[in-house]
Amino acid sequence: MTTWTSPAISSMRLERPRSLAHALDLLEADRGLTPMAGCTDLYVGIHFGSLKQRRFLDLQPLASLRKIQKRPDGTLVLGALVTYSQCLDSPLVARALPMLASAAKEIGGVQIRNRGTLGGNLGNASPAGDTLPVFLAADATVVLASARGVRRVPISQFFLGYRKTARRHNELITEIEVPPIAGKQWFRKVGTRAANAISKVVAAGVRGEGITFALGAVAPVAMRAYAAECALGSALPLSEAHRALRSEITPIDDLRSTAAYRARTACALLTQFWSETR
Amino acid sequence: MKLRINGTTFRVEAHPLERLLDVLRIQCKLTGTKEGCGEGECGACTVLLDGEPVNACLVPVAHAEGRSITTIEGLGGTEGSHPLQRSFVEQGAAQCGFCTPGMLISASVIPAGARREEIRCALAGNLCRCTGYSAVYRAVELARAKRARRRAR
Ligand SMILES: Cc1cc2nc3c(=O)[nH]c(=O)nc-3n(C[C@H](O)[C@H](O)[C@H](O)COP(=O)(O)OP(=O)(O)OC[C@H]3O[C@@H](n4cnc5c(N)ncnc54)[C@H](O)[C@@H]3O)c2cc1C
Ligand code: FES
Ligand code: FES
C-alpha cells in the first residue's frame, strides 16, 4: 500500500478528543486550534488554499453534541453537531421549529445535508448562512462551553461583524437553545436554483403575539429587522415597513447579486411574510 | 488505519486529514470515484458513509475510519450488473460518464417507487454537463419502479 500525503495537508494536525472535557482542555491550551465539524466549509477553504489554520480539533468524537432534545419547560435543545438531515428527520424539529426544517430542506444537496452541522453554520457565520435568520427569528440562545464554564449568548448578540462571532478561542458552541414559539413560523430562501445555491437573500419570521423578522445576505451579518418588525407591529401600512427595512439593511453588490436587487427582494420577502402568516 | 470499503478491509497509512477521495483513488486504487470540483458542488465524488451519500472531497479520512464506505466499485463495478447501471445504459443516461458513478451512488439510496420530484431532490447535489438530466431521471425512475414491482411480487 502506498503512502501519499498531499502537500496542503502534510503541515496540518488533527486532535481527536476523548470527551468534551478533553476537547475543552485542548482548546484552552492552544489558541490556534480550530474546531472541525462536518468540514463542508473548512474543506472548501483547504481546497482553495485560503485556510490559514493548521491545527484542528475534531468534534466528531463528541457524540453528546449530536442530540436533539426537548426540556420539560418546552425549550428545544439542538446539539452543535446536529446535521441538516437530522433536522429533517426529527419530529421534535417538525413540531417545535418547522422553519428550521424548511431551511434544512433547501440547504446544499443531500451530500451536504448529511454532513453540514448547525454549529458549523453558526461558527462559519457567513452572512448568507441559511439557519442564522431562523435562529434569530426564534430568539435562540447559543451555548458556549470552555474549560472555565458555560456561557449563554442570545443569538442577537452572537454575530459581531463579517464572519466574526462572540465565540472566544477557548470556547466551543455546544448547543443552541430555542424557547417555545407561539405563532406562525415562516422561512424563505431566494437563490439561483433550488439546491446547492448560496442564498441571495434569506429570511425567517414568526408572527404571533410578538413579531420577529430576520434576514441573511443583506448586511455583513445575519440580522433582525427590528425597525420593520416595529412598523408591522404598530399596524403601519406595508410601505412604511418597507421604508423601515430599507433603512436598516446594508446590502452589497457581489458575484451572486446586486445591492439594489437584494433590497427589493428583502422588501418582497417582508410582504410575503406578512401576507402568508395572516 | 483500517477502512471498511465495499465490505473489504483496507489497511492504509494516511494523514487523518487526507481527503477520503484521495485515499480511495490513490491509495486504494478505487478510481471509480471521480473528482470534479473538489469543493462539494458537483457530486462526482459521492460515496456512501454508513449508507448515506457524502462528498468524498469534503471528508477527512479520519471521519471514515470505523464506518462502512460504499463506492461505485461496491455497487456494480465495471460489469455494470446493478439494476441502476443497466437502466442508465438502456436509457442513455450516461454520455461522457464522468458524473455517472456519483449519480449511481446517490440514486442507490432512493427508495423503490420514488416519484420524479423525489428523484430530482435526491440528485440535486449531482451535476451533469452532458445529459440535461431527463435521461438520468428516467433511468432512475424506471429502475426504482421495477424494484417496487419486484418487491410487490
Ligand atoms: C456545495 C455546498 C453547498 C452549501 N449550501 C449551503 C446552503 O445552502 N446554506 C448554507 O447556509 N450553507 C451552505 N453551505 C455551507 C456549509 O455547508 C454550512 O455552513 C454548514 O452548516 C457548515 O457546517 P460544518 O459542520 O460542515 O462546518 P465546518 O466546515 O466543520 O466548520 C465551519 C466553521 O465553523 C466552526 N465550527 C464548527 N463547529 C463548531 C462548534 N461546535 N463550535 C465552534 N465552532 C465551530 C469551524 O471552526 C469553522 O470555522 C454549503 C457548502 C457547500 C460546500
Ligand atoms: S469533487 Fe466532490 S463534489 Fe465535486
Ligand atoms: S454524462 Fe457527462 S457529466 Fe454527466
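Reader: How far apart do the C-alpha centres of domain 1 of chain A and domain 2 of chain A lie?

Author: The two C-alpha centres are 19 Å apart. The domain bounds rest on an automatic or database domain assignment, which divides chain A into domain 1 (9–58), domain 2 (63–178) and domain 3 (183–276). This is a predicted model, in which local features need pLDDT of at least 70 and side-chain atom pairs count only at pLDDT 80 or more, while totals for chains, interfaces and linings use all residues. Residues are numbered from 1 along each chain as its sequence is written, chains are lettered from A and ligands numbered from 1 in the order in which they are written, and side-chain values use heavy atoms, with hydrogens and water left out.

Reader: How do you know that domain 1 of chain A is in contact with domain 2 of chain A?

Author: Contact means heavy atoms within 4.5 Å. By that criterion, 15 residues of domain 1 of chain A meet 17 residues of domain 2 of chain A. The two domains bury about 1300 Å² between them, 61% of it on carbon and sulfur atoms; buried area is the accessible area (1.4 Å probe) that two parts lose on being put together, summed over both. On the side of domain 1 of chain A, the most area is lost by L24(A), E28(A) and T40(A), together 36% of what that side buries.

Reader: What makes the pair E28(A) and R148(A) a salt bridge?

Author: The definition asks for a side-chain nitrogen of Lys or Arg within 4 Å of a carboxyl oxygen of Asp or Glu. The closest N and O atoms of E28(A) and R148(A) are 2.5 Å apart, and therefore the pair meets the 4 Å limit. The rule finds one salt bridge across this domain interface. Helix α2 (residues 20–29) of chain A gives the most to the side of domain 1 that touches domain 2, with six residues; helices (H or I, at least four residues) and strands (E, at least two) are DSSP runs, numbered from the N terminus.

Reader: Why is V221(A) called buried?

Author: Buried means under 20% relative accessible area, exposed over 50%, and partly exposed in between (1.4 Å probe, protein chains only). V221(A) has 18% relative accessibility, and it therefore counts as buried. The residue is placed in the loop between β13 (211–216) and β14 (223–224) of chain A. Not counting residues up to four places away in sequence, V221(A) touches P127(A), F159(A), L160(A), G161(A) and Y162(A).

Reader: Why does Q272(A) count as partly exposed?

Author: Its relative accessibility is 27%, so Q272(A) is classed as partly exposed. Q272(A) lies in helix α12 (residues 259–276) of chain A and, with residues up to four places away in sequence not counted, touches W186(A) and R188(A).

Reader: What makes T117(A) buried, and what does its side chain reach?

Author: T117(A) is at 3% relative accessibility and therefore counts as buried. Its side chain reaches the backbone nitrogen of G120(A) at 2.9 Å. A polar contact is a pair of N or O atoms within 3.5 Å; within protein, one must be able to donate a hydrogen and the other to accept it, and residues adjacent in sequence count only if both atoms are side-chain atoms. Beyond its neighbours within four places in sequence, T117(A) is in contact with several residues, including A37(A), G38(A) and Y84(A).

Reader: Is K29(B) buried or exposed?

Author: K29(B) has a relative accessible area of 56%, and it is therefore exposed. K29(B) is found in the loop between α1 and β3 (46–49) of chain B, and has a positive phi of about 60° although it is not a glycine. A125(A) likewise has a positive phi, near 55°, in a residue other than glycine; at 4% relative accessibility, A125(A) counts as buried.

Reader: How many residues does the contact take from chain B and chain A?

Author: The contact takes 38 residues from chain B and 34 residues from chain A. The two chains bury about 2800 Å² between them, 56% of it on carbon and sulfur atoms. L17(B), L58(B) and H63(B) supply 24% of the area that chain B buries against chain A, more than any other three residues.

Reader: What makes E65(B) and R16(A) a salt bridge?

Author: The side chains of E65(B) and R16(A) meet at 3.6 Å, N to O, and so fall within the 4 Å limit. The count between chain B and chain A is one salt bridge. Across this interface the rule also finds 13 residue pairs in polar contact (both at pLDDT 80 or more).
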